[in-house]
Amino acid sequence: MTSRRRVAVSLLGAVAFFFAVQLGALWLQAPFAAADYQAVENPGDPTNSVFYIGVLLVATVGMLLLLKYDLNWVLRMFIIVTSGLISAYVFSVLFPPIVGEPGTLHLGALLGGGVIAVALAVYPEWWVIDAAALLMGMGAAALFGISLDVLPVLLLLSALAIYDAISVYGTEHMLTLASGVMELRVPVLIVIPTTWDFSFREMAEDIASESSEDESPADAEAESDPLDRDAFFIGLGDVVIPTILVVSATAFLDMPTVFGIGYATVGAMAGTLGGLVTLLYFVMKGRPHAGLPLLNGGAIAGYLLGALAGGLSVVQAIGLAPYL
């Protein structure tokens with residue numbers, strides 16, 4: 001298989017991963033809501049988005065500090081435990097309870113989450129990381145989506161798109177963070193290999209050994225020919241954040257459907273995937289790019305077009321009707 005064809009197959013795999021997270025989060029939306037996993041009392045409160053933005057900023061600063069002071073093991077263990085916990089929420093509606101009630105963190109769910117955590121700790125190969133990231137992406141998007149109505153989600157996505165652009169093109173601290181977490185071998189990044197014999201464990205070890213050199217591994221990877229890369233990497237947040245709008249539109253809007261999915265939801269899904277294709281085109285140019293401006297922008301544009309096609313006014317689609 002030629003280099004160009006291998007890369008094309010890998011990029012299709014990235015699109016398929018996004019689509020799988022979207023469908024999985026949509027499927028989890030109803031059972032999560034039935035299990036009362038909603039995180040806030042009033043999903044329509046716009047200040048909810050401010051709270052979550054603050055949490056994300058504090059988490060980013062905390063991760064950068066841990067990496068700066070060589071406390072990588074603390075960050076690694078925290079992410080592994082979080083991965084197991086979110087996976088347990090997913091398993092709570094997938095697995096029949098061994099001990100406990102359906103729709104709770106019963107014993108079967110905790111055992112499933114434990115298996116994910118142990119697998120990440122013991123054998124963090126790319127397919128283990130991607131499997132855990134798939135569960136985390138589905139679960140996190142569903143949890144956020146049922147907890148935030150459309151207006152807070154639109155505010156959240158808009159603010160995070162601006163922040164992502166500043167952190168990549170301005171301060172560049174997101175590039176530093178991406179380079180650091182690659183060594184941790186945890187499902188913060190999705191790994192899309194271009195060869196069957198690619199080993200992410202070996203690559204992470206090489207990155208750790210090269211981290212003391214002047215040029216960071218992330219810079220070296222960015223400057224290489226994209227057709228010669230062994231793998232592509234996409235932040236899990238780039239998948240989860242626009243998918244929150246997909247779930248929220250389903251949970252809080254009542255409108256006509258196509259194949260059982262609301263027009264606005266279909267629009268948000270299509271817009272996200274369109275933004276992803278555009279992002280991958282720029283990535284193939286060989287330089288890192290902020291994902292959320294394109295992904296969130298595509299999700300919002302697609303959502304609004306779908307909502308209007310479904311008969312909502314702009315005011316209703318944005319979620320301002322209760323305030324006017």
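Arg201 is partly exposed, because its relative accessibility is 28%; partly exposed covers the range between buried (under 20% relative accessible area) and exposed (over 50%), found with a 1.4 Å probe on protein chains only. This is a predicted model: local features need pLDDT of at least 70, side-chain atom pairs count only at pLDDT 80 or more, and totals for chains, interfaces and linings use all residues. Residues are numbered from 1 along each chain as its sequence is written, and side-chain values use heavy atoms, leaving out hydrogens and water.

What does Arg201 pair with? Arg201 forms a salt bridge with Glu125, and their closest N and O atoms are 3.6 Å apart. The term means a side-chain nitrogen of Lys or Arg within 4 Å of a carboxyl oxygen of Asp or Glu. The pair links distant parts of the chain, 76 residues apart. Glu125 sits in the loop between helix H4 (107-122) and H5, while Arg201 belongs to helix H8 (residues 200-210). Helices (H or I, at least four residues) and strands (E, at least two) are DSSP runs, numbered from the N terminus. Glu125 counts as buried because its relative accessibility is 5%. Side chains of opposite charge can pair when their charged atoms come close. A search of the whole structure finds one salt bridge.

Now turn to Asp130, in helix H5 (residues 126-147). Asp130 is buried yet has no salt bridge. Where is the nearest side chain of opposite charge? It belongs to Arg76, 13 Å away. Lys and Arg count as positive here, Asp and Glu as negative, and His and the chain ends are not counted. The side chain of Asp130 instead reaches the backbone nitrogen of Val191 at 2.9 Å. Asp130 also touches Phe17, Ile190 and Val191, leaving out residues up to four places away in sequence. Such contact means heavy atoms within 4.5 Å.

Next comes the nonpolar core. A core of this kind is a set of buried Ala, Val, Leu, Ile, Met, Phe, Trp, Tyr and Cys residues joined through side-chain atoms within 4.5 Å. The largest one has 88 residues, and Phe32, Leu245 and Tyr303 have the most contacts inside it. H5 gives the largest share of this core, 13 residues. Beyond neighbours within four places in sequence, Phe32 is in contact with residues including Tyr89, Val93, Ala142 and Ile146.

Helix H12 (residues 292-309) has 18 residues. From first C-alpha to last, H12 reaches 25 Å, close to the 26 Å expected at 1.5 Å a residue. That expected span is 1.5 Å times one less than the number of residues. Among the buried residues of H12 are Leu292, Leu295, Ala299 and Tyr303. The buried residues of H12 pack against helices including H1 (3-34), H6 (150-170) and H10 (236-252). Just after H12, Gly311 takes a positive phi of about 100°.

Most residues other than glycine have a negative phi, and most peptide bonds are trans. Asp36 has a positive phi, near 60°. Asp36 is found in the loop between H1 and helix H2 (47-68), and is exposed, with a relative accessible area of 62%. Arg185 also has a positive phi near 60°. Its place is the loop between helix H7 (173-182) and strand S1 (189-193). Arg185 is partly exposed, at 23% relative accessible area.

Key:
A polar contact is a pair of N or O atoms within 3.5 Å; within protein, one must be able to donate a hydrogen and the other to accept it, and residues adjacent in sequence count only if both atoms are side-chain atoms.
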